[in-house]
Amino acid sequence: MWSALLGDGVSTPRELQAAIYAAAGARDWEKVESLIHPDFVLYEAEGLPFGGEWRGKDALQRCAAAMYGTWAEASVDIHDITGGDSHAVTVLTLTMTSKRTGETFSQTVNECGAFKDGLMTELRIHYFDAAEIAARA
């Protein structure tokens, strides 16, 4: 079903999420938007400088710009993506350098994507300690 809907060999939520992350990493926002539902919602932890709900096909791009703009430097190291019939979860390390203090620190983050009809409908970001990130921003 997924391959038929996508037409590019992507057959599972795990593969679809990996394709979205690869396109976002390459800053290919047109490809990202082609894999995202028009009613897409990205949920970031409240209290973060970039926290709250981001809506629309360009939400991932806008949120990424806000998140990366918060830090002097930021990088993502993806460890694994796993998934089932309707969801995929990415396990990653986010390493950030504070503009305010110059201090660099890392956190484990799990990002849970939900899928329907071959498109990502939502992405929920789960930080190990969102309060630490907010305090160091």
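**Exercise 1. The surroundings of Q17**

The side chain of Q17 makes a polar contact with the side chain of T90 at 2.8 Å. A polar contact is a pair of N or O atoms within 3.5 Å; within protein, one must be able to donate a hydrogen and the other to accept it, and residues adjacent in sequence count only if both atoms are side-chain atoms. The model is a predicted one, in which local features need pLDDT of at least 70 and side-chain atom pairs count only at pLDDT 80 or more, while totals for chains, interfaces and linings use all residues. Residues are numbered from 1 along each chain as its sequence is written, and side-chain values use heavy atoms, with hydrogens and water left out.

Task: Determine in which helix Q17 is found, whether Q17 counts as buried or exposed, and which backbone oxygen its side chain reaches.

Solution. 
1. Q17 is found in helix α2, residues 13-25. Helices (H or I, at least four residues) and strands (E, at least two) are DSSP runs, numbered from the N terminus.
2. Q17 counts as buried because its relative accessibility is 0%. Buried means under 20% relative accessible area, exposed over 50%, and partly exposed in between (1.4 Å probe, protein chains only).
3. The backbone oxygen of E111 is reached by the side chain of Q17 at 3.3 Å.
4. With neighbours within four places in sequence left aside, the residues in contact with Q17 include T90, E111, F115, M120 and L123. Contact means heavy atoms within 4.5 Å.

**Exercise 2. Strand pairing**

Task: Work out how β3 and β4 pair, how β5 and β6 pair, and which strand joins β6 in the parallel sense.

Solution. 
1. β3 and β4 pair in the antiparallel sense over 11 bridges; two strands pair if DSSP finds at least two bridges between them. D80 has V91 in β4 as its bridge partner, and the hairpin of β3 and β4 has 3 residues between the strands.
2. Strand β4 (residues 87-98) also pairs with strand β5 (residues 104-116), in the antiparallel sense and over 11 bridges. Here M96 has F105 in β5 as its bridge partner.
3. β5 pairs in turn with strand β6 (residues 119-127), antiparallel over 8 bridges, and A114 stands opposite E122 in β6.
4. β1 and β6 run parallel and are joined by 4 bridges; L42 has L123 in β6 as its bridge partner.
5. β1 pairs with strand β2 (residues 52-55) in the antiparallel sense over 4 bridges, where E44 stands opposite G52.

**Exercise 3. Positive phi values**

Solution. 
1. In the hairpin of β4 and β5, which has 5 residues between the strands, G102 in the turn has a positive phi of about 80 degrees.

**Exercise 4. The largest pocket**

Task: Describe how much space lies in the largest pocket, which residues lie nearest its centre, and which element gives the largest share of its lining.

Solution. 
1. The largest pocket holds about 430 Å³ of space. On a 1 Å grid over the protein atoms alone, a pocket is an open set of points where a 1.4 Å probe fits, with protein on both sides within 12 Å along at least five of seven lines; lining residues have an atom within 4 Å of a point. Grid points are joined across faces, edges and corners, and a volume is the space filled by probe spheres set on the points.
2. The lining of the largest pocket has 21 residues, of which Y21, M67, Y68, V76 and E111 lie nearest its centre.
3. The elements giving two or more residues to this lining are α2, β1 (36-44), α4 (59-70), β3 (71-83), β4, β5 and β6. α4 gives the largest share, 5 residues.
4. By class, the lining has 17 nonpolar, 1 polar and 3 charged residues. Ala, Val, Leu, Ile, Met, Phe, Trp, Tyr, Cys and Pro count as nonpolar, Asp, Glu, Lys and Arg as charged, and the others, Gly among them, as polar.
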